[in-house]
Amino acid sequence: MKVQKPDEAIRSRPRVSETEVAASLHWYRLMVLTRRFEEEAERAFRRGKIGGYLHVYTGQEAVAAGFLAALRPDDVFFTAYRDHAHALFRGTPPGAVMAELYGKATGIAKGKGGSMHLFDVARGFYGGYGIVGGHIPLATGAAYALRYQGSDRALLCFLGDGAMHSGSFHEPVNLAALWGRDGLCPIVYIVENNKYAMGTSVARSTLVTNLAAHFDAYGIENEQIDGQDFFTVKEAADRIVARVRTTGRPYAVEVITYRFAAHGAADLFQPYRTKEEVEAARERDPILILERHLREAGVLDDERVEAVRAEADATVADALQFAETSPEPPADELERDVYHSS
Amino acid sequence: MAQITYREALRSALMEAMDRDRSIVLLGEDIGVYQGTFRVTADFLQQYGPARVIDTPISELGFIGAAVGMAMLGLRPVVEVMTWNFAFLAADQILNNAAKVRYFSGGQVDVPLIIRGPNGAGVQLSAQHSQSVEALYAHYPGLWVAAPATPADAHGLLKTALEGRDPVIFLENAALYGTKGEVPEGDGAIPFGRAEIIRPGRDVTIVAYSRMVQVAVSAAQQLEGEGIEAEVLNLRTLRPLDTDSLLESVRRTHHAVVVQEQWKPFGPVAELAATIYEGAFDSLDAPVERVTGADVPMPYARNLELLAVPHERDIAAAVKRTLGRE
């Protein structure tokens, strides 16, 4: 099985064509937008506008961006609760995402799910789950359904490093391998290794810290890649999604990344890591790395970067305004949606 | 009207639906090559092939969760649990995903999933294999809970489940698989939330579901010899609960005995008793009597096991207590 160290992966980064660079401007814009969105969501949380839990994606943007960029419009994906970016990258209107965080009727799930349960089924986004690892079985069965129905749609299952030590990881990946033998499980497991399961590091969670290698136990092909460079992720994603689509066999990628922000809004002091460690990680900010590529390619300059930032500011301001002014769900929504007939 | 077994009733409901609807797939342990632990799916693998009759490894969490995902993407999975005791391993998938994903997605997905298998006490299977799980699942909004007592129920309720759009906890009973009864020809679907007066009577209403219906009917037959006409109400589904039929019967008989196999505290009959008090208090001539299993893990020794589950005599005694005929 192919296992690449992150630094090797970076060195072996593929050459990027001009069309690819031009197309990536779209993803740069979305990554900048998402970063701004998360900053404002954190601020709104501190002001008491957003309740419950709030888990932002800051630092990991290139992972979801690179993989979602490889999908067709009819493909499907599942993730856990750090899910705002996934919705925004897929084209869910930022206002509908922010309104969901605000618990408003105009939210993408009518204000019934909140931050952890974003859903946009029309765009192939099947959630948004709050129990660590709990969505992995769902995604695995969903992949079977796609193939059983005779389509060549592919499915991405994003999960965190912390999800890999639960039975809800090990049981479904074994099923995926079995079903994949018959070409019936076109799923990519994307392990977003951001180094910490809340406050517990990977090294304190398992002796086998090469998380991709866990898939060897089930006969699932796998590799490790660097998650901070959009083009590295995108190259791997294009190749892997195409392969899974063709073979109907599962594939796993451990994407090495880092969570710049706290685990959640309540994770104030972060006693499990040092400021120096976080600062060192911020040196490899995925937005700055992509920006550097695009500047080198002549697609971006100071002026254009400013324009992208201003556009993101305006979009997020609109999203906040939309969420602020949207109505709360009416009381008769309380008992609706429990059953198909309700 | 054909006389068939509870097992055959389940099989025919499944086959009729699978012949018509290719989105139905079966998953479970030893349902295919082994032909099913209780032979409900015998020959299905040969007939429908391995993509539709999926033998799974022993991974309840994995395959029940996968079935939820299949349902979200438009299939109609029917999971067989070898017994409901094993489904605790998948509790998070059933209670946190199947029951709730429709709601927290704001109605964006349906979960037309059936999980079926035997529930309740067996014969000397001891503590881990003898549980009744209905109180747990009937507690959860988002799930339907069916508990067929007869072959007609088994056939008709499963047909309804196979047409529905929501997850169904389908509680069979190992002691009932071989029992025979009449199943109407034709479609015979029984809507959820419609209880059946399986035996009419005017003195007291005995309310039961699943195997306890048979025990209640037999108790009513005994009581007939003592001049007591007991009505037996077969609930068929616990969620939705047919409150109207329950209250209508109690308003006529003015007495109620509610029966369940498992532990008394916080069990389904507490809900039934409360429903009767809330809706028919003025009609009652005596307090509602609860008949339940003993409040202990199921013992292995046969004599102790028999003491742990309700029998005809327990129901008859409760009827006499509520009628003041002790």
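Before starting, one definition: two strands count as paired if DSSP finds at least two bridges between them. With that cut-off, S6(B) and S7(B) qualify, because 3 bridges join them. Keep in mind that this is a predicted model.

**Exercise 1. Work out which strands flank S7(B), and how they run relative to S7(B).**

Step 1: Start with the strand order. The open sheet in chain B has 7 strands, arranged S3-S2-S4-S5-S7-S6-S12, and its pairing is mixed. That puts S5(B) and S6(B) on either side of S7(B).

Step 2: Check the directions. S5(B) and S7(B) run parallel, joined by 5 bridges, and S6(B) is also parallel to S7(B), with 3 bridges.

Step 3: Pick a residue to look at. Val168(B) is the bridge partner of Ile114(B), and Val168(B) is also the bridge partner of Trp144(B).

Step 4: Strand S3 (53-55) and strand S12 (237-239) of chain B each pair on one side only. From one strand to the next, the twist averages 20°.

**Exercise 2. Decide whether S7(B) is covered on one face or both.**

Step 1: Sort the residues. Val168(B), Phe170(B) and Glu172(B) belong to one side, Ile169(B) and Leu171(B) to the other, and all are buried. So both faces are covered, given that buried means 20 or more other C-beta atoms within 10 Å.

Step 2: Look at the helix. Helix H7 (residues 151-163) of chain B lies across S2, S4, S5, S6 and S7 of chain B, and runs at about 160° to S7(B). Together, S6(B), H7(B) and S7(B) make a right-handed β-α-β unit.

**Exercise 3. Check the length of helix H1 (residues 6-20) of chain B, then find what its buried residues pack against.**

Step 1: Do the length check. The helix has 15 residues, so at 1.5 Å a residue it should span 21 Å. The C-alpha atoms at its ends are 22 Å apart, which agrees.

Step 2: Find the buried residues. Among them are Tyr6(B), Leu10(B), Leu14(B) and Met18(B), and also Arg7(B) and Arg11(B).

Step 3: Find the partners. The buried residues of H1(B) pack against several elements of chain B, including S2, S4 and H7. Two of these, S2(B) and S4(B), pair in the parallel sense over 5 bridges, with Leu26(B) partnered by Val78(B).

**Exercise 4. Is Ala301(B) buried or exposed?**

Step 1: Locate the residue. Ala301(B) is in the loop between strand S14 (289-293) and helix H11 (302-308) of chain B.

Step 2: Count neighbours. Ala301(B) has 10 C-beta neighbours inside 10 Å, so it counts as exposed; the cut-off is 12 or fewer.

Step 3: Glu61(A) and Phe67(A) are among them.

**Exercise 5. Describe the side of chain A that touches chain B.**

Step 1: Count. The contact involves 33 residues of chain A and 36 residues of chain B.

Step 2: Find the source. Helix H6 (136-148) and helix H7 (167-181) of chain A each supply at least two residues. The largest share, 10 residues, comes from H6(A).

Notes. Residues are numbered from 1 along each chain as its sequence is written. Chains are lettered from A and ligands numbered from 1 in the order in which they are written. This is a predicted model: local features need pLDDT of at least 70, side-chain atom pairs count only at pLDDT 80 or more; totals for chains, interfaces and linings use all residues. Two residues are in contact if their C-beta atoms, placed from the backbone, lie within 7 Å. Helices (H or I, at least four residues) and strands (E, at least two) are DSSP runs, numbered from the N terminus. Ala, Val, Leu, Ile, Met, Phe, Trp, Tyr, Cys and Pro count as nonpolar, Asp, Glu, Lys and Arg as charged, and the others, Gly among them, as polar. Axes are lines fitted to C-alpha atoms, for helices over the stretch in contact, and angles run from 0 to 180 degrees between N-to-C directions. The expected span of a helix is 1.5 Å times one less than its number of residues. A crossover is right-handed if, with the strands pointing away from the viewer, the path from the first strand over the helix to the second runs clockwise.
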